[in-house]
Protein chains: 2
Amino acid sequence: MADIAILGHGVVGSGVMEVIEGHRESLFERAKEEINVKHILDLRDFPDLPYSDKFTKSFDDIIGDDSVRIVVEVMGGLHPAYDYVKACLESGKSVVTSNKELVATKGAELLRIARENNLNFLFEASVGGGIPIIRPISQCLAANDVAEIAGILNGTTNFILTKMIRDKMDFAEALKLAQENGYAERDPSADVGGEDSCRKICILASLAFGHHVYPDEVYTQGITEITLEDVGYAKAWGGVIKLIGQVKMLGNRKLHIIVAPMFISEESQLAHVDDVFNGIMVRGDATGDVVFYGKGAGKLPTASAVVADIIDCIKHFKARKYLFWEDAKPDYIEDYKLAKMNFFLHINTPDKEKTMRSLEDAFEKVRRVIRDNENENELGVVISDVSFAELDEKKAHIEKDGARLLGRIVISEF
Amino acid sequence: MADIAILGHGVVGSGVMEVIEGHRESLFERAKEEINVKHILDLRDFPDLPYSDKFTKSFDDIIGDDSVRIVVEVMGGLHPAYDYVKACLESGKSVVTSNKELVATKGAELLRIARENNLNFLFEASVGGGIPIIRPISQCLAANDVAEIAGILNGTTNFILTKMIRDKMDFAEALKLAQENGYAERDPSADVGGEDSCRKICILASLAFGHHVYPDEVYTQGITEITLEDVGYAKAWGGVIKLIGQVKMLGNRKLHIIVAPMFISEESQLAHVDDVFNGIMVRGDATGDVVFYGKGAGKLPTASAVVADIIDCIKHFKARKYLFWEDAKPDYIEDYKLAKMNFFLHINTPDKEKTMRSLEDAFEKVRRVIRDNENENELGVVISDVSFAELDEKKAHIEKDGARLLGRIVISEF
């Protein structure tokens, strides 16, 4: 029998109990041991559950119980989750977590402590909810050099953008609907500001390229400024707008990593990942592009990923899973402002012809895009092979003769 | 050092050598042992390779070498592959294979022998090429009851259908192009007849539901009869035609399993899996729908899956991987003719109104679909909630008054 403890009995924590209770037989068959949830830590009272006797308000009951060899952290947030997880690993307990903030900010340290103590620290549920992604990347890495990962990593923003694209809702309306449906929190800033996607691409980047990437090193732009006009231009260009987390290894062995809304071509697999779904593309030198698609959040999908990790922990009490990355490396992240990309620019101008001429003076490749019902003073252009830095430098050219830059959106290449 | 032998030096076999040579460092890091290819079995001569000294024409050199603990079978075909693999497992060697015919027809037996000898028999590359699918299903099974799997499992037919849909080529032209591009063999019957897809859905069904399903138990329809008219009707209906392998567990605990071209709604993730790509949807009770997408064949993708299995074998010399299914169970496969489905019928008739009236007499739900440039005598209808058996029974109603049934295509629900 494998005694485990669960820290937190919120959405994911109660889902973990539901999955364990509902799949006793198949879990036993895989793990070859029965999973016994011995303690559940939560400050709230849950008097009416069939397992109410398992609750405790004191972490000491768990850390002091030597029979507990696996601790499941599903509280979320950095403190006290970090302190508890660290204490567990230091006292010989393997840890499974769904906490992306924890992994994105403390992953390298916790992986090191786990390795020093010959324990597992697993976090399949931290990215992509129920989509298997951490394990496939980790396993396919052996026979592949990963060149790039790009994904729609946040369901809330993808729901909002889908509503803007399909139903012509503006951002505020779509956000309200997301909140009404329980897809967005009352304070939606971590989602719509891109922070959540940023944590997830940091975890994937750390895993795929071997050194920890911290969220504060990553240029992160959310979707709050995206307008229905932008959506219309994306359509005219031949695609849709999606919030993308992207990382790739450059020729100089530095990482290009950003989170930003991007124009995605209709041809791309990621263009058809809609509503609250996530989609993650992994480009390997041998496998080519592999895409993983599914529900990136939610009680049962996330819980099922947590439980799969618990099974893995039980089966690997002696042999550690290979899952590791080194701490951050200096000068590892390329300045995002230097990367050459294609951009869509949305401009307000009293004279479109004149503005087109100044753009053509300033940039080598300029192509106009005309959306349905374009306003009289509105100009949409695609500028190729420029960097954020060049766009900044040449802002005066763009805004010559009374023109005003309303927005700029990265155009993806995948 | 882990000594291995490779049976076969065709496309996949040479790809395995390429992946092993090209990723020495990362392979060592994962496996913690160096992979040493000691023997390669092939009847042909390869005098000019850097590893020409490893070749042998005699299987005895391999079976008799006790240092070889892993044998990689990438010859394809049933004999002698089956005999060799069985001999290896019986003499204490784990086996990795990419051979779908072998796994689909002999899987249960070989898994049993592997288990009896505490060895691994792994076959990630047999389905989906470089797409990780066997391992994720096997692992997510613990925390999920799989309800259904449906997939585009054959790249050749998907290429042909994509050409028919996008470029209005007919089947024969598209097949010819596929052959010219090396996507189809000179004798393309196993691909276009659905046999290859059938083997793959049998492997997935056996894995997901626990009992071996043999290809000859599965109703299999290929794409040779699909016309450009059908493609036009699929578009008018709101989707595309794809060759689908599908299996689901019914309420009576029997399996519904078929391979057939199907109408797939534009809304479905599988509708956008084009060209030589594969896409596989796995529906779990906790995860919901998860879709895996990528190159389902080809030298390096397939080889990379083989090499990932080799690593797993090396890491699990003592602890077997959990990968197993029982032998076939009597009365386990539901007669495909009994399942209620929706169908598209393509009819030639001298009097459309009259034929519509007989159809409405014979079936409860009949809906007309009109394609662009429909011919004068052409009628397309969707019939809901009927079985193959009922369609057969009522053929006389369909073909009343000089009408003729040209084709019937299953309409998918995913």
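Helices (H or I, at least four residues) and strands (E, at least two) are DSSP runs, numbered from the N terminus. With that in hand, take helix H4 of chain A: H4(A) is followed by Gly92(A), whose phi is positive, near 85°.

This is a predicted model, in which local features need pLDDT of at least 70, side-chain atom pairs count only at pLDDT 80 or more, and totals for chains, interfaces and linings use all residues. Residues are numbered from 1 along each chain as its sequence is written, while chains are lettered from A and ligands numbered from 1 in the order in which they are written.

**One helix in chain A**

H4(A) spans residues 81-90. Its buried residues are Ala81(A), Tyr84(A), Val85(A), Cys88(A) and Leu89(A). A residue is buried if 20 or more other C-beta atoms lie within 10 Å of its own, exposed if 12 or fewer, and partly exposed in between; C-beta atoms are placed from the backbone. The five cover an arc of only 130° around the axis, so they sit on the same side of H4(A). The arc is that of the directions from the helix axis to the C-beta atoms.

What do the buried residues of H4(A) pack against? Their partners in chain A include strand E1 (2-7), strand E4 (68-73) and helix H5 (100-116). Here, two residues are in contact if their C-beta atoms, placed from the backbone, lie within 7 Å.

**A sheet in chain B**

Six strands of chain B form an open sheet, in the order E3-E2-E1-E4-E5-E6, with parallel pairing. Two strands pair if DSSP finds at least two bridges between them. The edge strands, E3 (55-56) and E6 (121-122) of chain B, each pair on one side only. E1 (residues 2-7) and E4 (residues 68-73) of chain B are joined in the parallel sense over five bridges. Ile70(B) in E4(B) is the bridge partner of Ile4(B).

Phe277(B) and Gly294(B) are 17 residues apart in sequence and 5.5 Å apart in space, C-alpha to C-alpha. Leaving aside neighbours within four places in sequence, Phe277(B) has contacts that include Gly155(B), Asn158(B) and Tyr293(B). Ala396(B) and Asn144(B) are 252 residues apart in sequence and 45 Å apart in space, C-alpha to C-alpha.

**Where the chains meet**

The contact takes 38 residues from chain A and 38 residues from chain B. Which element gives the largest share of chain B's side? That is E12(B), with eight residues. By class, the side of chain B that touches chain A has 22 nonpolar, twelve polar and four charged residues. Ala, Val, Leu, Ile, Met, Phe, Trp, Tyr, Cys and Pro count as nonpolar, Asp, Glu, Lys and Arg as charged, and the others, Gly among them, as polar.

Strand E12 (residues 288-295) of chain A pairs with E12(B) in the antiparallel sense, over three bridges. Phe292(A) stands opposite Phe292(B).

A rotation of 180° with 0.0 Å of shift along its axis superposes chain B on chain A (RMSD 0.0 Å). That is the relation of a two-fold axis. In chain B, the C-alpha nearest the axis belongs to Phe292(B), 2.5 Å from it. Copies are superposed by least squares on the C-alpha atoms of residues with pLDDT of at least 70 in both. The copies meet through the same surface, because 100% of the interface residues of chain B are also interface residues in chain A.
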